[in-house]
Amino acid sequence: MINNFFVLSPRGDTVIAKTYRSKSGVGAHERSHTEAFFRKVKFWDGVAPGTPGMDTTLGLGSGKMSSSGEGGEGTESVKRFGDAPPVFVMPDGYSYMHVKRNGLIFGCATEKNVSPVVVIELLSKVAKVFKDYCGTLSEESIRKNFILLYELLDELIDYGYPQVTQTENLKAFVYNEPIVVSPVVDTGKMINPKTASASAVHKPVIGSVDADGKKTSLSTNQKNEIFVDILERLSVLFSNNGYVLNSTIDGCIQMKSYLAGNPQLRLALNEDLAIGRNTSTTYGSGVTVDDINFNDCVNLSEWEQGRTLSFYPPDGEFIVLNYRMTGEFKTPFRIFPSIEEVEPNKLEIAIHVRAEIPDNHFGANVMIEIPLPQTTTVASCNVVSTAGANGVNAEYLSQEKKLVWTLKKFPGCTEQTMRAKVTLSGPCTSQIRREIGPINMNFEIPMYNVSSLQVRYLRIAENMPGYTPYRWVRYVTQSSSYVCRL
């Protein structure tokens with residue numbers, strides 16, 4: 001299936017590498033191969049170089065390859081190709097596949113005609129298992145636990161084929177203990193009793209050794225805790241007058257359990273939850289999702305009557321269910337752009353963003369990008385922000401020809417405006433004007449979800465006296481593709 005497996009750091013260093021088979025005797029994880037692979041991923045030019053005599057453009061971004069017309073005049077290539085695809089061919093004849101997790105690149109190479117989806121799923125599973133056993137996924141944690149991780153790799157993949165990929169099934173074959181990487185900043189004393197530490201969920205699923213060499217046992221030192229995340233990723237497309245053209249919510253309920261004895265859990269959702277757009281519910285009376293799928297461990301015997309799930313939580317991080325919602329819903333942010341041509345070679349661009357989330361919520365790490373024409377020579381930005389907004393900054397990146405507007409905190413029920421004056425090297429034609437945009441917005445909203453899907457309760461199914469677990473529930477809304485046309 002695969003010839004080799006490797007993990008690269010954000011700098012391109014090989015952290016872990018393992019060869020399963022190689023015809024030539026040189027694995028594709030060797031330094032020369034991984035360096036060429038990393039350069040291709042880091043500086044993707046939209047061309048797959050694996051086919052001899054051919055340049056295959058993979059249609060990413062708005063990039064165009066240089067070509068010469070009949071008169072011999074060449075068109076300048078536009079270097080907007082976006083990120084490298086997860087699968088591409090290199091000149092060594094191998095097909096390279098990779099996924100990115102926490103800045104690390106989990107990759108492999110194969111000379112066989114394998115299913116890319118299967119390999120991508122395998123790489124994602126390996127990254128998940130590494131995180132479950134190390135507690136946190138970072139370059140430091142991998143370097144400190146490379147003996148444990150090589151032991152896991154021996155059980156995960158055999159001769160290039162996946163074998164055991166479930167966290168709980170691997171426990172019987174693993175004998176090394178993880179070394180826990182301590183967090184950079186200890187924020188434990190700054191948290192109120194009703195809030196869990198951000199590092200509380202980053203604990204290994206087996207007994208570990210701390211930085212001082214002291215052994216920690218899950219049975220004696222571990223609190224009975226379970227973490228529940230309701231994650232929603234929004235894909236929204238706006239027209240240039242602020243109307244929603246297309247909108248989708250991709251959500252999931254994710255858990256990580258540290259409960260002793262692995263008791264059965266009961267999870268209850270909204271009683272008025274309806275599945276399918278054809279269900280007879282009045283507008284606004286309940287939550288309607290298009291489709292929903294469950295983990296194999298979930299028992300659905302009480303789902304139809306009371307929207308209740310029962311299951312024995314597996315070890316490590318797992319997804320209880322995935323759901324999808326399309327159609328009309330209240331978008332957290334509305335974008336209203338305007339472009340005015342004040343002179344033949346000068347433009348004024350105004351971006352008005354309105355937060356339609358409640359005032360007790362806020363958008364975090366908001367970033368708005370506006371691509372500009374390649375003929376842009378200079379651009380200046382001015383931000384009009386309301387009270388409560390923190391970390392507001394707008395700048396023009398001349399190398400990438402785009403405006404970047406960032407806000408660390410965007411309070412709900414407020415409006416923010418950014419104005420930019422753009423000077424072009426020539427007159428603004430209709431073709432140059434089409435190079436402006438689309439506007440792309442990235443954000444995260446903690447403790448808020450758009451779909452109104454709620455966890456009514458999370459309980460232990462059996463009555464166990466003296467067994468009082470800590471239950472932490474978190475709602476997070478993120479942008480997947482939040483785009484406004486110009």
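This is a predicted model: local features need pLDDT of at least 70, side-chain atom pairs count only at pLDDT 80 or more; totals for chains, interfaces and linings use all residues.
**The chain as a whole**
- Among contacts between residues at least 6 apart in sequence, 69% join residues that are at least 24 apart.
- The protein chain exposes about 24900 Å², and carbon and sulfur atoms supply 49% of that area.

**Phe37 and its surroundings**
- When neighbours within four places in sequence are left aside, Phe37 is in contact with Phe6, Leu8, Phe88, Met90, Tyr96, His98 and Ile105.
- Phe37 and Gly12 are separated by 25 residues in sequence, while their C-alpha atoms are 9.1 Å apart in space.
- Ring pairs link Phe37 with Phe6, Trp44, Phe88 and Tyr96 into a cluster.

**Aromatic pairs**
- A pair of aromatic rings is described by the distance of the centres and the angle of the planes.
- A search of the whole structure finds 16 aromatic pairs, and one of them is formed by Phe37 and Tyr96, whose rings are stacked with 5.2 Å from centre to centre and 20 degrees between the planes.
- Because Phe37 lies in helix H1 (residues 31-42) and Tyr96 in strand E6 (residues 95-101), this pair ties together parts of the chain that are 59 residues apart in sequence.

**Charges over rings**
- Lys409 lies over the face of Phe362, at a distance of 5.2 Å from the ring centre.
- The charged end of Arg459 sits over the ring of Tyr457, 3.7 Å from the centre of that ring.

**The nine-stranded sheet**
- Nine strands form an open sheet with mixed pairing, in the order E17-E20-E13-E12-E30-E28-E23-E26-E25.
- The edges of this sheet are strand E17 (291-294) and strand E25 (393-397), each of which pairs on one side only.
- Neighbouring strands of the sheet are turned by 15 degrees against each other on average, with direction ignored.
- Strand E17 and strand E20 (residues 317-326) run antiparallel and are joined by four bridges, and in E20 the residue Tyr323 is the bridge partner of Ile292.
- Helix H2 (residues 116-134) packs on the sheet, where it touches strand E13 (244-258) and strand E20, and the direction of helix H2 makes about 130 degrees with that of E20.

Notes:
Residues are numbered from 1 along each chain as its sequence is written. Side-chain values use heavy atoms; hydrogens and water are left out. Two strands pair if DSSP finds at least two bridges between them. Helices (H or I, at least four residues) and strands (E, at least two) are DSSP runs, numbered from the N terminus. Axes are lines fitted to C-alpha atoms, for helices over the stretch in contact, and angles run from 0 to 180 degrees between N-to-C directions. Contact means heavy atoms within 4.5 Å. Rings of Phe, Tyr and Trp (its six-membered ring) pair if their centres lie within 6.5 Å; planes under 30 degrees apart count as stacked, over 60 as edge-to-face and the rest as tilted. A charge sits over a ring if NZ of Lys or CZ of Arg is within 6 Å of the ring centre and within 35 degrees of the ring normal. Accessible areas come from the Shrake-Rupley method with a 1.4 Å probe; for residues, only the protein chains shown count as cover.
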